[in-house]
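Here are a few notes from going through the model.

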Amino acid sequence: MNEVSDLEGLVMPWLDKYIPQFSELVYTAAAILLIILISAGIHFLLHRVVIAWVGGRAQGNRQIWRQAFFERKLFSRLALTLQGIIIYIQAGLWLENESTLLPVIQSTAHIWVLLYSMLSLFSLLDALLDILQHKPAMRHFPLRGIFQSIKLIASIFIGLLIISTLIGKSPLLLLSGLGAMTAVLMLVFKDPILGLVAGIQLSANNMLTVGDWLEMPKYGADGAVIDIGLTTVKVQNWDKTITTIPTYALISDSFKNWRGMSESGGRRLKRSLLLDSSSVHFLQPEDIHRLQRAQMLAPYLDEKVQELTQHNSNQQLDLSSLANGRRLTNIGTFRAYLERLLKSHPQIHQQMTLMVRQLEQTPNGIPVEIYAFTNTTKWAEYEAIQGDLFDHIFAVLPEFGLRAHQAPTGYDLRALARAPAQEDLRRVG
């Protein structure tokens, strides 16, 4: 190299004249000292001046991309990569080709450049992830998993280049032998490969995004998705525990995503009330008169009484038998009351399905089911609405002559056992 020859032409004659026995050693030491001094100066210039200036502008700027690039140390790692390139060039400029230190320094600088190039790529990907996560249009893409896949591929590629540098062989030689290791690599990287494919499917089909409410009983997951990675999906359960699910399990197994409920603005209320079948009866005139005082029921009762009276009169039925004619029942009137209660409730969504239905009788009583939607999806508010509604329903049951079914408790059984004994004492007394 001309530069080395010029430097040697200037320095070596003087060294050969005064210290001929140590001339080559002193020249090598001087070259290394020169490399160190230049590298230190460049390091100071890049890190203490340039990057400090960029960092000051990034902190004072509200643009997300500038802050992201600086916080992820992208500029610092690029500067270190540049320093490695400069050291590599300097070694070729100042050291003799026959020097034993030249290949050592250049190989070390080469590995340095490869490592910090990889870390710079990682910083760039992390910064892009931070930027894209602030864009609503990109939130349903599994970007973290995709970027992790790129990092994995880059790590393998850089690893091959480093090995080829250390052994002094072409990386093509290593790649040619990589085909024989394909089966082993497929086994070792099975989870990342499956996770990458699953992430693409989740994104393409819009099946899951960060923030969705996911329910997957098989893995004990019931909460909000906080991270979608290459191999795992993290779910923060409502008890604040964290559940990790393999990404590919979301494709191979079934799960429930509550996003549709959250986006609809209403949360379903589906709950049954079990009524004691022995409390069901026809309404007597005095019962109808009492219930007509309820403002929500008065129009319904007036209309039904007129309808039934006209029907029975047209049929000329003998109403002395309860088996003849149509009559109002307390359970039917109760269902009509519940329907009007829901329609007038300010916290029930009136544009969604709303009904009160009677289900098939069970050994535990007659189920009357309320099917409606609240106008909020927040869990605490939903539970409060549901609790207040059924508090009122249980309290109003006696007004209709109905009883909620309840299995006998220990207190009931003891009361039954005491009743005959009290009757015997009364007779003896």
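1. Start with how α15 sits on the sheet: the helix lies across β6 and β8, and runs at about 25 degrees to β6. Keep in mind that this is a predicted model.

2. The sheet under discussion is an open one of three strands, in the order β6-β8-β7, with antiparallel pairing. β6 (267-275) and β7 (355-358) are the edge strands; each has a single partner strand, so one side of each has no neighbour in the sheet. Direction ignored, neighbouring strands here are turned by 15 degrees against each other on average.

3. A closer look at one pairing: β7 and β8 (residues 366-374) run antiparallel and are joined by four bridges.

4. As for handedness, α14 passes α15 in a right-handed crossing.

5. Which residues of α14 and α15 meet? From α14 come Phe334, Tyr337, Leu338, Leu341 and Leu342, and from α15 Leu389, His392, Ile393 and Val396. By class, this contact of α14 with α15 has eight nonpolar residues, one polar and no charged ones.

6. To put the pieces together, α15 meets α14 through residues such as Leu389 and Ile393, and α15 also lies across β6 and β8.

Notes. Residues numbered from 1 in each chain as written. Predicted model: local features only at pLDDT ≥ 70, side-chain atom pairs only at ≥ 80, totals over all residues. Heavy atoms only, no water. Left-handed = near helix turned anticlockwise from the far one by under 90°. Helix = DSSP H or I, 4+ residues; strand = E, 2+ residues; numbered from the N terminus. Contact = heavy atoms within 4.5 Å. Nonpolar A, V, L, I, M, F, W, Y, C, P; charged D, E, K, R; others polar. Pairing = 2+ DSSP bridges. Axes fitted to C-alpha atoms, helices over the stretch in contact; angles between N-to-C directions.
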